[in-house]
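The following report concerns the structure shown below.

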Amino acid sequence: MTQILTGLPAGAFALLCLGTLSLTPVVTLAWWAFPAAPWLFVISVPLTGWGTALSLGLVNVVFLAALAALILPLLAQSHARCCLAVLAPSPAEQLVERVTELTRTREDVLQAHSAELRRIERDLHDGTQARLVAIAMRLAVAGESLRDGPETAATLVRQAHAETEDAMTELRSVIRTIYPPVLADQGLAGALGTLATRAGVPTRIGIGPLGEVPAAVEAVAYFTVTEALANIARHSGATKASVRLTRDGPLLRVEITDDGAGGADATRGSGLDGMRRRAAALDGTLRIGSPPGGPTVVTVELPCV
């Protein structure tokens with residue numbers, strides 16, 4: 001019904017205007033072939049000579065061309081708005097789509113959270129806990145041999161001290177995977193600057209005014225850049241990369257670019273899907289532009305509200 005009420009009148013007017021505009025030069029040049037006065041859109045009088053035909057034809061062409069240039073784009077835009085309004089999902093459909101998206105995102109977040117907890121448990125169990133058990137055993141043996149063999153006890157204590165240092169190093173490594181201390185110490189800008197110095201390719205960091213950024217958003221942005229730079233170093237063959245952070249109203253935009261071979265695909269398990277999941281957990285988005293031959297541009301937008 002909307003198409004009948006809006007599309008047909010708009011189309012008929014456009015055809016009338018363009019058809020008359022096309023007919024006017026024909027009537028102007030063939031005025032002598034019409035025994036009666038031809039009908040022209042703007043001014044129509046009997047044509048008795050080339051002067052009248054050319055002058056009136058020019059007036060009609062100019063007027064019709066101006067009318068088409070002014071009216072037809074407005075008609076097309078108005079018709080497009082009507083079609084979009086009719087075809088757009090209803091508030092109920094939008095709500096269902098939104099609930100479905102949030103449900104899927106929540107499931108992804110829960111799965112990622114469970115996997116992260118299992119990883120941390122394995123790291124602590126296989127690494128730090130094993131070292132602490134070894135330290136306890138060495139100290140127990142040192143305590144038993146302290147009276148009879150002080151040199152042996154001293155050796156065991158030194159070994160336990162070295163094991164303690166290693167355990168602390170491993171524990172700090174696990175903690176960094178949960179929430180990098182560099183974020184708390186230096187903020188997002190400083191953390192990314194430190195990260196760029198350890199990247200596998202020369203990386204330039206550009207950061208605009210960001211304002212206040214929630215800690216969860218900072219963590220996702222940091223881990224996203226970390227994963228992206230790791231992917232660039234391992235898979236792209238790039239010689240340089242750049243990271244740019246900007247704030248666009250409530251959105252924090254992270255753009256990672258490299259000059260590598262391109263062809264990045266989130267379905268290949270290159271870490272891009274994990275980045276997408278991290279962004280989706282905060283209702284953010286991830287876009288990938290990676291044509292064969294490069295360059296590759298990964299853009300992540302995270303809401304800061």
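## Strand pairing around β5

Asp258 stands opposite Thr296 in β5. In this predicted model, β3 and β5 run antiparallel and are joined by 8 bridges. Strand β4 (residues 285-289) also pairs with β5 in the antiparallel sense, over 5 bridges. Within that pairing, Leu286 has Val300 of β5 as its bridge partner.

β4 and β5 form a hairpin with 6 residues between them. The turn contains Gly293, whose phi is positive at about 95 degrees. Of the 8 residues of β5, 7 are buried, so the strand is largely enclosed by the rest of the structure.

## The largest nonpolar core

The largest nonpolar core comprises 34 residues, of which Leu188, Tyr222, Leu252 and Val254 touch the most other members. Two or more residues are contributed by each of α5 (181-197), α6, β2 (241-248), β3 (251-258), α7 (272-281) and β5 (296-303). The largest share, 10 residues, comes from α6. In soluble globular proteins, nonpolar side chains tend to be buried together.

Leu252 illustrates the packing. Residues up to four places away in sequence aside, Leu252 touches Leu188, Leu210, Val213, Val217, Ala221, Thr246, Arg247, Val300, Glu301, Leu302 and Cys304.

## Helix α6

Helix α6 spans residues 215-236, 22 residues in total. The distance from its first C-alpha to its last is 30 Å, close to the 32 Å expected at 1.5 Å a residue. Gly237 follows α6 and has a positive phi, near 70 degrees.

## Arg131 in helix α3

Arg131 lies in helix α3 (residues 91-145).

Neighbours within four places in sequence excluded, Arg131 is in contact with Glu163, Asp166, Ala167 and Glu170. Arg131 and Thr164 are 33 residues apart in sequence, yet their C-alpha atoms are 7.5 Å apart in space.

## Model confidence

The protein averages a pLDDT of 76, and 76% of the residues score at least 70. Among the elements of the protein, β3 has the highest mean pLDDT, 92. The lowest, 68, belongs to helix α1 (residues 2-29).

Conventions
Residues numbered from 1 in each chain as written. Predicted model: local features only at pLDDT ≥ 70, side-chain atom pairs only at ≥ 80, totals over all residues. Heavy atoms only, no water. Helix = DSSP H or I, 4+ residues; strand = E, 2+ residues; numbered from the N terminus. Expected span 1.5 Å × (residues − 1). Core = buried A, V, L, I, M, F, W, Y, C linked by side-chain atoms within 4.5 Å. Buried < 20%, exposed > 50% of the residue type's maximum accessible area, 1.4 Å probe, protein only. Contact = heavy atoms within 4.5 Å. pLDDT = per-residue confidence, 0-100. Pairing = 2+ DSSP bridges.
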